[in-house]
Amino acid sequence: MAALRRRSDRSAGLSFDADLGDRALTTARHDIVIGRWQGVRDLLRATGDHWPLRTHRIRALANVAAGSSVVEAWRAAEPDNPDAAVLRAATEVTRVFNGAIAAGRGAGTDRDRIDVAVMACLAAADARPGDPTPWASLLTVVRLYEGGVARSELRAWWEELRRRDPYHLEGHVQMLRYFSARWHGTHGSMYDFARDAAGAAPAGSPLPVLVQIARVEEYRYVSDAAKGRPVRGFGQHWNHELAVTELLRTYDRWLGGRVPGPVRAEEAAELNYLAHAACCAGLTREGAALVGLLGERIALVPWVYTGDPAQQIGRWRGGAPPS
C-alpha cells in the first residue's frame with residue numbers, strides 16, 4: 001500500500017501540454033480556435049529562422065489549423081506572406097494524414113489529394129526559398145503515395161532540405177519513417193538511415209535520438225501486427241545489449257554536448273523519446289535524470305505506446321526509480 005501511495009504522489013499533477021511549455025504558441029493556437037490569424041502571423045514572424053523552434057510551432061499550428069479555415073483566411077488577406085504559404089502547406093499535409101487515419105490503414109489515399117498537398121509544399125518552398133520547413137512537410141506527405149516515390153525524386157527533395165539545414169531533425173525523422181517497414185522500407189533500412197545520420201551529427205545535436213525513434217517505430221509495427229498476442233523473442237526489445245549501448249551513446253553525445261539549462265520547447269518532443277528509451281531499458285540513473293530534466297515538458301508520445309503515460313513517468317519523477 002505504501003509503494004502504491006508513493007507512486008501516486010509522484011504522478012500527482014502530471015499534465016501533458018501539447019505545446020510543451022511554449023506559451024506564445026498556446027496563445028497563437030487559441031487565436032486559430034476563435035478564428036483569428038493575426039497572432040499566428042506575429043508568432044511566426046518573431047520565430048524567424050530558428051529552425052527547430054519554427055518546426056515545433058508550425059507542426060502544432062498545422063494540427064489545429066487543419067480543422068478550420070483560418071490559414072485560408074490569412075492567405076486571402078496576405079497572399080504574398082511567405083509564412084502563410086509555409087503554414088498552409090503544413091496544414092494541407094495534416095489534413096491529408098487526418099483523412100488517411102479516418103479511412104483506416106489499407107484504405108489508400110486519393111492521389112489527387114496528395115498531389116494538392118505536394119504542390120502546396122513546393123509553392124511554399126518557392127515563397128520562402130531558404131526555409132527547410134516546406135521540404136520537411138513534403139517528405140512527410142509523400143509517404144502516402146502508394147508505393148512511395150522514385151528514389152531519385154526522394155533524394156532530390158532530401159538534398160533540398162539538407163542544403164538549407166543539414167541537421168534538420170524533423171526532416172530526418174520523416175525520412176526515417178519513409179524507410180520504415182510501416183511505409184516503404186524495412187526495419188533494416190530504417191536503422192541504417194538512423195545510425196548513419198546519428199554518426200554524422202556533431203556533438204550536442206539531437207540527431208542520435210533517431211536510433212531510439214527507430215526502436216519505437218519497430219515496436220509499434222510489431223505490436224500492431226501481433227494484435228495483442230505475445231511476440232516470441234521480443235521481450236528484450238528495449239534492453240538487449242545493442243539497444244542499451246546505442247541509448248547510452250545517444251545520451252552521451254546529445255546531453256554531453258548540449259548547452260546546459262532547462263529543456264526548450266523545440267527539443268522536448270525528441271527528448272521524451274530518449275527518456276522513454278532509458279526508462280523502458282531500466283537504466284535508473286539515466287531514466288531519472290532525463291525525466292527530471294524534462295520537468296513539465298512531457299509529451300504523450302512515445303509513452304502512450306507502452307502503457308499509461310502518467311503511470312510510467314510517475315515512477316521516475318523526483319529522481320526516484322520504479323519501486
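Select Leu20 to begin, which lies in the loop between helix 1 (2–11) and helix 2; helices here are DSSP runs of H or I with at least four residues, strands are runs of E with at least two, and both are numbered from the N terminus. The model is a predicted one, in which local features need pLDDT of at least 70 and side-chain atom pairs count only at pLDDT 80 or more, while totals for chains, interfaces and linings use all residues. Residues are numbered from 1 along each chain as its sequence is written, and side-chain values use heavy atoms, with hydrogens and water left out.

Is Leu20 buried or exposed? Its relative accessibility is 5%, so Leu20 counts as buried, given that buried means under 20% relative accessible area, exposed means over 50%, and partly exposed is in between, with a 1.4 Å probe and protein chains only. Look at the backbone as well, for the phi of Leu20 is near 55°, a positive value in a residue other than glycine.

Next select Arg23, whose place is in helix 2 (residues 23–33). With a relative accessible area of 46%, Arg23 is partly exposed.

Now move to Arg297, found in the loop between helix 15 (284–294) and helix 16 (309–314). Arg297 counts as partly exposed, at 22% relative accessibility. Which residues does Arg297 touch, not counting those up to four places away in sequence? They are Leu20, Gly21, Asp22, Val263, Arg264, Ala265, Ala268 and Asn272, where contact means heavy atoms within 4.5 Å. For another distance, select Pro208, which is 89 residues from Arg297 along the chain, and find their C-alpha atoms separated by 20 Å.

Stay in the loop between helix 15 and helix 16, and select Pro302 there. A cis peptide bond joins Val301 and Pro302, with omega at about 10°.

Go then to Thr47, in helix 3 (residues 38–47). Thr47 counts as buried, at 6% relative accessibility, and, leaving aside neighbours within four places in sequence, Thr47 is in contact with Leu53, Arg54 and Arg57.

For a pair of helices, select helix 8 (residues 133–141) together with helix 10 (residues 169–178), which pack at an angle of about 15° with their axes 9 Å apart. Axes are lines fitted to C-alpha atoms, for helices over the stretch in contact, and angles run from 0 to 180 degrees between N-to-C directions. Helix 8 and helix 10 are therefore roughly parallel to each other, a label for angles under 35 degrees, whereas over 145 counts as roughly antiparallel, 65 to 115 as roughly perpendicular and the rest as oblique. Colour Ala136, Leu139 and Thr140 in helix 8, which meet Glu170, Gly171, Gln174 and Met175 in helix 10.

Finally, select the whole protein, which has 16 helices and zero strands. Buried residues make up 50% of its 323 residues, and its C-alpha atoms fill a box of roughly 60 × 40 × 40 Å, taken along the principal axes.
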